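The tour moves from one selection to the next.

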Amino acid sequence: MGVGRTGKTTYILKLLGIPTQTYTPTVGVAIHQLPLQYEKNGQVNSLTINIWDCAGRSQLKGPREIYYSNCHAAIIMFSSIKSLHVAIRYLHDFRTIVGTQRSVIFVWNKWTEDDPHNINTQALVDKLIPSECHLFKINTKTDYNCWAPIVNLIETLTNNKSLT
Ligand SMILES: Nc1nc2c(ncn2[C@@H]2O[C@H](COP(=O)(O)OP(=O)(O)OP(=O)(O)O)[C@@H](O)[C@H]2O)c(=O)[nH]1
Ligand SMILES: [Mg+2]
């Protein structure tokens with residue numbers, strides 16, 4: 001979840017190996033399956049994640065209660081100070097709907113080392129994102145750190161702290 005144009009669909013399609021060029025807003029929700037393999041205690045395990053890619057544009061959003069209710073975790077994406085403020089609202093909505101037990105990972109997409117806005121955005125990140133939530137800086141365009149949120153998600157869901 002996250003504001004429109006933060007890059008949610010581009011990110012998911014990148015994980016699936018599908019390149020995208022132009023921005024097409026998601027309508028309601030798009031459900032994707034991401035098949036994965038991970039190693040635990042020397043054994044290779046298979047796991048498929050169902051990713052619900054929720055529309056960010058307010059006029060295209062669907063029923064959140066239905067989308068959130070059976071999920072195992074949430075990834076909330078932002079890519080600017082403005083979208084970070086909205087991301088925090090998503091967190092509160094998510095907590096209101098599903099409670100406090102499910103993991104939430106924040107993803108700062110479109111991150112580049114030399115962006116002059118980084119200092120202000122980071123200050124707000126430190127202030128607003130609760131410490132129990134993980135945060136990953138990624139860049140879907142350059143492929144920077146793209147698998148880290150997914151690895152962390154699987155580690156959390158499988159209680160496996162040394163995933164390969
Ligand atoms: N520069 C840059 N652009 C990106 C990155 N990731 C995505 N984009 C661009 O951001 C735009 C929005 O991408 P989408 O993935 O469709 O956005 P979305 O969050 O799914 O938007 P909604 O479906 O409306 O909620 C597209 O033009 C992408 O090419 C990135 O890491 N860096
Ligand atoms: Mg989308």
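Helices (H or I, at least four residues) and strands (E, at least two) are DSSP runs, numbered from the N terminus. Two strands pair if DSSP finds at least two bridges between them. This is a predicted model: local features need pLDDT of at least 70, side-chain atom pairs count only at pLDDT 80 or more, and totals for chains, interfaces and linings use all residues. Residues are numbered from 1 along each chain as its sequence is written, while chains are lettered from A and ligands numbered from 1 in the order in which they are written.

**Stop 1: the hairpin**

Select residues 29-40 and 43-54. These are strands S1 and S2, paired in the antiparallel sense over 12 bridges. Pick Val-29: its bridge partner in S2 is Cys-54. Now go to the turn. The hairpin has 2 residues between the strands, and Asn-41 takes a positive phi near 50° there. Most residues other than glycine have a negative phi.

**Stop 2: the open sheet**

Select S3, S4 and S5. The 3 strands form an open sheet in the order S3-S4-S5, with parallel pairing.

Zoom in on S3 and S4. They run parallel, joined by 6 bridges. Phe-78 stands opposite Trp-108 in S4. Contact means that the C-beta atoms of two residues, placed from the backbone, lie within 7 Å.

**Stop 3: the core**

A nonpolar core is a set of buried Ala, Val, Leu, Ile, Met, Phe, Trp, Tyr and Cys residues joined through C-beta atoms within 7 Å. A residue is buried if 20 or more other C-beta atoms lie within 10 Å of its own, exposed if 12 or fewer, and partly exposed in between; C-beta atoms are placed from the backbone.

Which residues touch the most other members of the largest nonpolar core? Select Ala-74, Ile-76, Phe-78, Ala-87, Phe-106 and Val-107, out of 21 residues. Helix H2 (64-69), strand S3 (73-78), helix H3 (81-98) and strand S4 (103-108) each give two or more residues to this core. S3 gives the most, with 5 residues. Center on Ile-76. Its contacts, not counting residues up to four places away in sequence, include Met-1, Gly-2, Ala-87 and Phe-106.

**Stop 4: Arg-64**

Arg-64 lies in helix H2. Arg-64 is partly exposed, with 17 other C-beta atoms within 10 Å. Beyond residues up to four places away in sequence, Arg-64 touches Asp-93 and Ile-97. The C-alpha atoms of Arg-64 and Ile-97 are separated by 8.4 Å, although the two are 33 residues apart along the chain.

**Stop 5**

Select the loop between strand S5 (134-137) and helix H5 (148-158), where Asp-143 sits. Asp-143 has a positive phi of about 80° and is not a glycine. It counts as exposed, with 10 C-beta neighbours inside 10 Å. Asn-145 lies in the loop between S5 and H5. Asn-145 has a positive phi of about 65°.
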